[in-house]
Amino acid sequence: MSRLLHLALSLSLIGGTGALLPMTVARPAPIPTEPDRRQADPFAIPAEAWSRPIGEPLTRPSRVKTPYPMVDDGPRQGAPLGGIGAGTFSRTYAGDFARWHLDTGHHVYGSVPSMMFSVYTRQGERTLTQALWTGRPSRSLSAWQWDYPVGAGTYYALYPRSWFVYDWDALPVELAVEQFSPVIPHNYRESSYPIAIFTWRAHNPTDEPVTLGLMFTTPNLLYPGAGHVHRMRTEDTPAGRAVGVEMATGQPFEPGEGMGSLAISALELPGVSASVRTRFLTAGDGADIWADFSADGRLDDVDDQTPGTAGEVLGAGVAATVELAPGETRRVAFALAWDMPVMTFGPGEHWYKRYTAFYGRDGNRAWDIARDGLRDADTWRQTIVDWQAPILADESRPAWYKTALFNELYFVADGGTAWEHGRVGDPPPPGDYLGRFAYIECFDYPYYNTFDVDFYASFALLELWPDLEINIMRDFAAAIPLADETPFIVGYSGTVAPRKLPGAVPHDLGAPDEAPWKRVNAFTWQDTNRWKDLNAKFALRLYRDVILLDRPDLATELWSAAVDAIDYLAAMDADGDGIPENEGVPDQTYDTWPVRGISAYSGGLWIAALAAMRELAHLVGDEDAAAGYAARFEAARARYEDTLWTGRYYAYDADSRAIMADQLAGEWYASISGLEVLPASRVDAALRTIYDHNVRRFQDGLMGAVNGIEPDGSPVRSEQAEEVWTGTTYMLAAHMLFRGLDSTAWATAYGIYRHTYETGGLWFRTPEAWDAAGNFRAGMYMRPLAVWAIETALARRAD
């Protein structure tokens with residue numbers, strides 16, 4: 001979608017329904033001491049894949065806890081499909097396609113029943129035709145057979161792969177499908193492709209032959225209106241013959257107008273025949289295509305190229321048919337590809353997507369992308385399997401952790417993600433141009449690359465797509481000297497502040513409805529020019545990347561930006577004691593939790609940043625600067641210790657003895673980069689205190705680490721202090737692991753996994769936060785990617 005697909009997916013046009021299934025909560029489970037491995041199924045689905053009975057409802061899912069509206073589509077979700085920056089959509093565990101992020105930076109949820117897989121079987125005189133969704137549309141396609149039985153099979157997900165295994169007595173075959181897009185670590189080409197692969201496996205366990213037909217239908221997702229043309233396409237590939245339907249607008253491509261093309265295809269092989277029907281009306285009863293498929297499990301190759309008329313949304317279908325002998329197993333592959341080459345942000349902001357570096361900018365290559373996907377799907381799949389295999393095979397990692405580790409990666413592609421390959425109207429960039437990358441904080445807080453949050457989330461990019469991490473750091477470095485004096489009203493206080501001051505690390509790189517990368521600091525809740533964490537985080541993240549990626553050249557390249565950032569923050573040290581003071585307002589990432597004077601969080605980031613700057617100065621050969629930072633570090637550390645150390649932990653701030661779960665964020669970044677900042681005995685004592693109070697004394701230790709708690713176990717009365725933050729808990733667990741506190745670490749992280757994937761119904765929409773009742777704020781959030789910090793800790797710790 002862009003402004004176009006909001007219309008194309010409007011439920012009135014395509015007969016969809018946004019109705020949600022009723023839902024239920026599982027009984028709390030104890031922390032497992034051994035990996036909970038299921039028996040391997042016939043289709044080799046990893047035991048660590050998250051699973052749920054197909055369409056099984058949940059009656060008491062976690063709900064939005066805020067008095068103001070936030071996105072809450074309920075737990076009927078599934079792993080997304082689509083490459084990084086290509087746009088994504090999701091097929092839910094009920095079998096429908098219902099979550100749409102094809103319009104970069106925007107979220108739409110609603111079932112599109114004309115986008116559907118259906119199955120036909122014939123054994124002897126017995127026939128069956130069934131759409132594979134446990135629901136039914138309310139206004140269209142009444143001729144189709146709906147209401148696949150709830151619980152008749154299992155959905156599995158281990159991103160980027162997911163599976164349906166169907167288990168219904170009415171089916172005379174064992175049937176399963178694996179679906180994925182080629183989101184592959186350290187791959188900057190295929191990972192960007194706008195394609196979804198669906199590979200079906202069918203086995204005949206009976207002693208009679210079975211005719212099996214599978215049909216994939218889709219509406220034309222392009223701009224609705226007159227002129228849509230669908231045509232049959234066939235093409236031989238080394239893997240087999242691609243047969244399908246190419247869908248176009250019938251109009252010349254115009255950047256920003258949402259034109260492009262779409263294609264569905266099946267792979268025809270010896271024993272697998274493919275057939276098509278190029279045109280049906282998605283808002284009608286669907287009798288023409290359903291009767292065609294129900295007759296024999298095939299389509300009649302009706303190549304109707306009649307253009308659509310105003311108000312129509314055309315659909316198309318492709319079928320694959322096999323004859324299964326007793327005991328025979330066959331594979332059937334489908335592909336869906338979309339060539340929508342332009343991202344549209346605010347007025348005049350049109351950018352080409354990354355994949356256009358490989359398929360051009362004309363928007364007419366969907367068929368080629370689908371064809372190449374059918375050809376290369378097995379290679380892509382094996383690459384994903386080989387990447388995940390060592391982690392899955394490691395018995396020292398709990399099985400539930402592996403489930404969370406891979407499934408939280410959904411956000412890299414699904415988080416309103418933008419990956420550009422040049423601005424519309426500009427000459428094409430050079431061949432080695434990687435492009436700028438951005439993902440939003442969440443759809444409720446739609447800000448790109450929110451720096452205070454990505455400080456946690458960026459471990460995923462660091463580990464898997466480090467070149468994208470480096471480009472983000474370059475973009476922020478370039479933004480530090482920028483000024484934008486445009487006044488705005490600060491939401492928290494009602495005061496007026498300038499949008500961006502030179503020297504301040506911006507909160508974000510813009511918003512989807514403005515001009516990402518050009519107009520930074522779209523966030524208006526607080527005046528982030530006065531925040532005490534952003535500039536220190538820039539220095540720490542830079543040094544981490546230099547060390548962990550072995551990129552000393554980055555130190556030289558971004559040194560001046562780091563110096564400017566630290567100088568700017570140092571100027572906020574009002575009393576000259578060597579540590580910038582918090583100003584009695586929420587002037588850091590905890591943006592509703594006030595903090596005053598020297599604080600554990602911001603102060604800890606500051607002294608760690610001084611240590612990082614000392615080492616960066618050595619790397620760039622500026623020994624005078626190194627000596628200066630070293631002296632400032634020693635003085636600041638002494639002041640920090642004297643002010644905040646309680647004997648068991650570092651107090652929240654100069655006025656409060658509260659225990660903050662995230663008090664050691666700066667120490668974590670420093671230690672993972674090889675720096676010694678705080679006394680090791682005190683760090684270990686503080687981590688144990690956090691576990692004893694923030695984890696164990698909050699909801700029996702089964703919901704993660706509450707942000708703040710008083711020494712006597714009573715809550716700290718502030719909205720965010722009383723929340724668990726998923727990403728900060730994961731990074732806290734990583735720190736514990738790094739320091740050898742293994743059982744403590746796994747127990748801490750387990751609470752986040754448990755409420756996300758077992759009790760809260762928050763899979764594939766992991767939120768920023770939840771409260772003691774389990775209700776959440778800000779779903780589909782960036783920060784939970786911090787689960788990948790655990791991998792960094794495991795790789796870097798001294799065993």
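In which sense do strand 21 and strand 22 pair, and over how many bridges? In this predicted model, strand 21 (residues 418-423) is paired with strand 22 in the antiparallel sense, over 2 bridges. Tryptophan 419 has phenylalanine 437, in strand 22, as its bridge partner. Both strands belong to an open sheet of 4 strands, ordered 19-20-21-22 with antiparallel pairing. The edges of this sheet are formed by strand 19 (342-344) and strand 22 (437-438); each has a single partner strand, so one side of each lacks a neighbour in the sheet.

Strand 6 spans residues 116-123 and contains serine 118. With a relative accessibility of 0%, serine 118 counts as buried, because the cut-off for burial is under 20%. Apart from neighbours within four places in sequence, the contacts of serine 118 are Gln130, Ala131, Leu132, Gly213, Leu214, Met215, Trp290 and Phe293.

Helix 18 comprises 18 residues, 742-759. From its first C-alpha to its last, helix 18 reaches 24 Å, close to the 26 Å expected at 1.5 Å a residue. A kink of about 30° is present in helix 18 and is centred on tyrosine 753.

Methods. Residues are numbered from 1 along each chain as its sequence is written. This is a predicted model: local features need pLDDT of at least 70, side-chain atom pairs count only at pLDDT 80 or more; totals for chains, interfaces and linings use all residues. Side-chain values use heavy atoms; hydrogens and water are left out. The expected span of a helix is 1.5 Å times one less than its number of residues. The bend at a residue is the angle between axes fitted to the seven residues ending there and the seven starting there. Buried means under 20% relative accessible area, exposed over 50%, partly exposed in between (1.4 Å probe, protein chains only). Contact means heavy atoms within 4.5 Å. Two strands pair if DSSP finds at least two bridges between them.
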